[in-house]
Amino acid sequence: MRRLGWAWTCLCVAATVALLPTAEATRVRLRRGGYEGVVVAISPEVSESQELVEAIKDKIKVASRLLFNATRKTVFFKKVTILLPRTWRDTKPDSYRGTFSYEESDIRVAPASSVFGHQPYTLQPEGCGRPGQFSHFTPEFLTNKNLSYVWGPPERLMVFEWAKLRWGVFEEIGYRDDETFPLYYRRYCDEEDDDGDDDGEGENREDRLTANLCVVGNLEGRYVDSKTGGENCSRREEECDFLVKDFRANLWPVSLDEEARRSRDVAFCDDEEGSAHRHNSQAPNKHNLRCKGESWWAVMRRHPDFKDTLSRPSAPKETQFKVVQQIDARVVLVLDLTQPRTADGSLAFARRWLYEGAEAGSYVGVLLVLPGSREVVMVAQMTRVTLSSRLEIIRDLEKKAARGEVSSEPTASVRKGLQEALKMLTDTHFNAVIIVVSSNKVYKKDLVDFDPNWTTPVYTISSVASDDLREFVEKTKGKFVFLTDPLDEDKQRELVVDVARYVSQPRGPRSETPISFQNEMIWGKTEGSNVQTDGTPGTYVFRLSTNNRNHVLEPPTVAHSNGKLYQAKLQAGSSLNQWTVVVDDASTSEPGAWVWRLNTTDDADSFVRLETLLEPKGPVVQVESWIEPTSGPDGVTGASAGALLYAKVTQGEMPVLGAVVEAIVSSAENSSVRQRLRLFDTGHGADAQTKDGLYSCFVPPFANGNLSVEVKVMSNNETKVRQAVQDGLSLKPSRKMCCGSSFPSATKTRPVPYMNRRSHAGTFAINYNLRDDRIPPFRVTDLRAKGVALSGFYVRVRLAWTATGDDCDFGQASRYTVRASRRRGPVQAETCVDACSKLEPVFEAGAASSKAGQRVTASVYVPNYGATHFFFAVTAYDEVGNASPPSNVVAVGMRGSLYRDWRRWAQILQWVLLSVLAAVGLALPLLLACDRHQCRFLWQDETPPR
């Protein structure tokens, strides 16, 4: 019985899950090398401009050719749709569509971000090889040539951003003031010099800088004082800036060699011998860290886009554009209730469609054909569907349907209903549907005066055979469904899903998505439950549903902490088994507790589900959550060894920082089997970047079967939302690139005093041998050197990092080892061999037992070679020996006081040796010139002779 309850629950949340962001739910298809279905959407916040539309076309045409050449004649842009905002009036689209939305587009053209400014970027919350969510360009960047000198030509940036969006590759550059991904780095003992010397010694070798790019390139420039700009500066990174000659780091977001820059073409780095774009796997950039040092080409080649080599075109075709404008769906439901034998089934279908099938954001009108009524009864004019409005329409439907009486008088007909429906759609020429539920036969004479050019599809459900009506419906490109059996619940659900195929409603903006405060299932006897709300303005909908209507003994009530009491009403239609309360008064703006008061039976196989939802008014904090299942240990199709869980907490585009995000993972087979997990926005483990409002964690395989994930978001004293600021959004090239290992610190924030949110992330299946531990810890990504000190003949290096887990970032790693080498390459290799040493760290108090997410500090000892450099990386192990990949590499220079101490002792030793040699040098000639007998006194016995 409990399994049936979970199955019933899954049906209830299916509509919510469909709105969750998923990289796989894309319309883009590749056919003979050409991408079709690419959607470029213009934000409603962008002012209307025909120039912008033409600029988008021009840039994509050039980008298509560049993409074709960069992918070695593999792919190009074939068919692109440009989506105009609803608010644009003067720019005429090629068509009006309801199948596209800004929220589901691939490329977004929107105003400058307060974080990124006019810099193009791609949102990539997931791992290597996983597609991103969207790419972002500003109108100014596409139309203002001055910005091309700051960020690079738009058409080439489109190629790079498409590579990140489609193939899951990452930036191959460094960022100023970023310790994990520095703008430049010192190679020190990286490779051999041109003369073959590999000892790593020498001043000119030591001070050579390398740009953090995907190809190796030395830089020419000079050191200047970081404060004054003067050139009298010692060569120490903590005191100096390095100004590069004729090199602008922000100009090429993906590295190109000099020849490629001069020819203004695009190339991706690869692993091929002799390539002009040979990948530098040792550069400390985001792509190398996330993709284990693989090149872009190595990651891209695994994508299905590069599998079909037979259908590759010899040249790219001209890109085709279609400009469309988003329009909401208009649906009129004509309900014929004149026959008593079919009226109940027809009414039940109408209730179910209005409650479950009518798309949020669409407009719905309802007409009734009642017995004894000469006119069609209007239930609802064209009304925008929201959580509360659909309940109001259903209540009005019940009231007016009850007025119909059996009568011998002539009544209105379906023909009359179709006429009234057309009047309601007079101003709508696109994306409109009429749904007719008929219980009477309709003849050709009833339809003869309708416009032969009728273009609105009619979806008809008829309980009687009517060939004339069928012919009419098919001419409208609609569908005729003839019912031979009663319209029971199973058939109702089937038709609700089928009707949805004829209604194309674009996904609404996130700001209108209902907020969930409670989603709780209680089995057996209960007297109620509490739910906390945070005073977010809007309309509250309290909903109670059950799998057994008799389980609820009396209508439930909802009481606010201010004393107000609200009576729940039974949702019309016994098949729904729901009670609802809609509250839209001053109580909704008062934070506090609401109390469900129930009286149920003690039947252990019956449950009630309590939901509290809010229709927000204005910008509010929203939560989106989703799951990325991980593959099984043996790569078995469908097998899962856990999942990565993500929760995006934002207000508009601004991230919410410091939120308390938890997940409750429950087994669908046994609700008592559950686990609580904490999600973090720290840039460690499953989380890719800190301070971006995207919280994540790894869900371990603690039980096999289907698992459901609910996310709970709360606030504390440290929770705040970043405020939008306009500093740096001008067209001046003064901003630096964003964002490396972290979003920049917010200059202006607003506290979030109280927040309570719920989000259903979805379900996934675990198929894993729980006794066979093959899941290694996550890699450490933030290794830092905290200090260096001389300790006898050794040097003590103090290191710090964030602890990882036993299974990815879950639990606690069993132990850590530190790799050390005088070359960067060996510590990054898969195994520590070839000039690489494994060191056991000496942990500071309590650090050895740190759980995932906690800070670890430890020391290692390396031989004192004097003026040289060491490279360090950390590897984590679980209790069975599964090892994480090596961490990021940190370079430590053995210079400063250590170098002076070594030189001081060397000088003392030098003077001692010189003194000994001088003494020997003076004494030796004297000894050689002396006769044995004359110098007998030097060794002669002093005892007198006898």
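Accessible areas here come from the Shrake-Rupley method with a 1.4 Å probe, and for residues only the protein chains shown count as cover. On that basis, the chain has an accessible surface of about 44600 Å², with 49% of it belonging to carbon and sulfur atoms. This is a predicted model, where local features need pLDDT of at least 70 and side-chain atom pairs count only at pLDDT 80 or more, while totals for chains, interfaces and linings use all residues. Residues are numbered from 1 along each chain as its sequence is written, and side-chain values use heavy atoms, with hydrogens and water left out.

**The chain as a whole**
- You'll find 16 helices and 47 strands in the chain; these are DSSP runs numbered from the N terminus, with helices being H or I of at least four residues and strands E of at least two.
- Of the 946 residues, 53% are buried, where buried means under 20% relative accessible area, exposed means over 50%, and partly exposed is in between (1.4 Å probe, protein chains only).
- Take the contacts (heavy atoms within 4.5 Å) with a separation of 6 or more: 72% of them are between residues 24 or more positions apart.

**Nonpolar cores**
- A nonpolar core is a set of buried Ala, Val, Leu, Ile, Met, Phe, Trp, Tyr and Cys residues joined through side-chain atoms within 4.5 Å.
- The largest one has 57 residues, and those with the most contacts inside it include Tyr35, Trp162, Trp167 and Phe268.
- A second, separate core has 41 residues, among them Leu337, Ala350, Ala401 and Leu495.

**Valine 437**
- Valine 437 sits in strand E18 (residues 432–438), and it counts as buried because its relative accessibility is 2%.
- Beyond its neighbours within four places in sequence, valine 437 touches residues including Leu333, Phe349 and Ile461.

**Lysine 286**
- Lysine 286 belongs to helix H8 (residues 286–290), and at 12% relative accessibility it counts as buried too.
- Setting aside neighbours within four places in sequence, the contacts of lysine 286 include Phe170, Tyr175, Gln689 and Cys739.

**Helix H16**
- Valine 916 is in helix H16 (residues 897–929), and its relative accessible area of 46% makes it partly exposed.
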